[in-house]
Amino acid sequence: MSATRLLVLGVVRGFGRTHGYRVRAELLSWGIDDWANVKPGSIYHALRQLAKAGLLEASEIADWPGRVDYSLTPEGDKEFFRLLVDALERPEHRADMLSAGLALLPALTRDRAVSVLSTRLAVLETQRAVLRESSAVDAEALPPHLRELWTMRARYADLSVEWTRDLLERVTSGEYEMAGEHESTFGMPGAWRSLIEPLVH
């Protein structure tokens with residue numbers, strides 16, 4: 001699964017209808033080159049591929065040669081939510097997928113976000129329990145310095161559980177503005193256009 005695919009769909013959805021330069025500028029303003037391993041050139045490639053797959057509608061602008069505007073198709077909207085939920089729900093993903101999911105978390109309703117994060121927390125708690133049980137036996141057979149691998153994994157498991165639980169509590173308690181709570185909410189389709197000045201290409 002590609003973080004670029006999720007991010008591009010999410011940004012196009014956020015603007016409702018937009019062009020490649022704005023998608024690129026928006027994502028770069030989020031610092032994606034640091035945390036998502038997304039290169040600027042791959043954004044334009046993703047737009048073309050998503051349009052080819054029928055997930056985006058591409059429209060050439062007659063009085064602006066070379067410019068193509070994009071908007072989500074119904075299938076693109078479904079794919080966006082599938083990728084978003086999967087990125088947040090499954091701990092097995094790389095860090096860039098989780099980061100992309102967090103960046104687009106407000107596109108979910110609060111109830112949906114609570115459900116997704118609760119699933120993630122349950123999986124992490126199960127994984128931590130299995131790790132603790134296995135490490136109690138397996139680590140004893142390792143040379144002392146290699147036991148640090150188990151220590152590292154155990155602490156990472158603890159941190160993952162604690163962070164997810166904290167985020168779940170914040171979302172449950174009403175922090176962050178989620179989809180459906182206001183007409184110009186970050187996560188609502190087309191809401192971003194009223195929040196920024198138009199960019200020129």
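**Terms and model.** A residue is called buried when its relative accessible area is under 20%, exposed when that area is over 50%, and partly exposed in between, with a 1.4 Å probe and protein chains only. The model is a predicted one, in which local features need pLDDT of at least 70 and side-chain atom pairs count only at pLDDT 80 or more, while totals for chains, interfaces and linings use all residues. Residues are numbered from 1 along each chain as its sequence is written, and side-chain values use heavy atoms, with hydrogens and water left out.

**View 1. The chain as a whole, with 8 helices and 3 strands.** Helices (H or I, at least four residues) and strands (E, at least two) are DSSP runs numbered from the N terminus, and from that end the elements follow the order α-β-α-α-α-β-β-α-α-α-α. Of the 201 residues in the chain, 41% are buried. Contact means heavy atoms within 4.5 Å; among the contacts between residues at least 6 apart in sequence, 66% join residues at least 24 apart.

**View 2. Helix 1 (residues 3–15) packed with helix 6 (residues 95–103).** Two packed helices are described by the angle between their axes and the distance between the axes. Here the angle is about 10 degrees and the axes are 9 Å apart, which makes helix 1 roughly parallel to helix 6. The axes are lines fitted to C-alpha atoms over the stretch in contact, and the angles run from 0 to 180 degrees between N-to-C directions; angles under 35 degrees count as roughly parallel, over 145 as roughly antiparallel, 65 to 115 as roughly perpendicular and the rest as oblique. Helix 1 contributes Ala3, Leu6 and Leu7 to the contact, and helix 6 contributes Asp96, Met97, Ala100, Gly101 and Ala103. By class, the residues of this contact divide into 6 nonpolar, 1 polar and 1 charged, where Ala, Val, Leu, Ile, Met, Phe, Trp, Tyr, Cys and Pro count as nonpolar, Asp, Glu, Lys and Arg as charged, and the others, Gly among them, as polar.

View 3. Leu7 is buried, at 1% relative accessibility. With neighbours within four places in sequence left aside, Leu7 is in contact with Leu27, Trp30, Ile32, Trp35, Ala36, Val38, Ala100, Ala103 and Leu104. The C-alpha atoms of Leu7 and Leu27 are separated by 7.8 Å, although the two residues are 20 residues apart along the chain.

**View 4. The aromatic pair of Phe80 and Phe81.** Rings of Phe, Tyr and Trp (its six-membered ring) pair if their centres lie within 6.5 Å, and planes under 30 degrees apart count as stacked, over 60 as edge-to-face and the rest as tilted. The count by this rule is 1 aromatic pair. Phe80 and Phe81 form it edge-to-face, at 5.0 Å centre to centre and with 65 degrees between the planes. Phe80 is buried, with a relative accessible area of 1%, whereas Phe81 is partly exposed at 24%.

**View 5. Pro74 in helix 5 (residues 74–89).** Pro74 counts as exposed, at 64% relative accessibility.

**View 6. Ser59 in strand 2 (residues 56–60).** Ser59 is buried, with a relative accessible area of 14%. Apart from neighbours within four places in sequence, Ser59 is in contact with Arg17, Arg67, Val68 and Asp69.

**View 7. Tyr176, in the segment after helix 8 (147–172).** Most residues other than glycine have a negative phi. Tyr176, which is not a glycine, has a positive phi of about 70 degrees, and this residue is partly exposed, with a relative accessible area of 41%.
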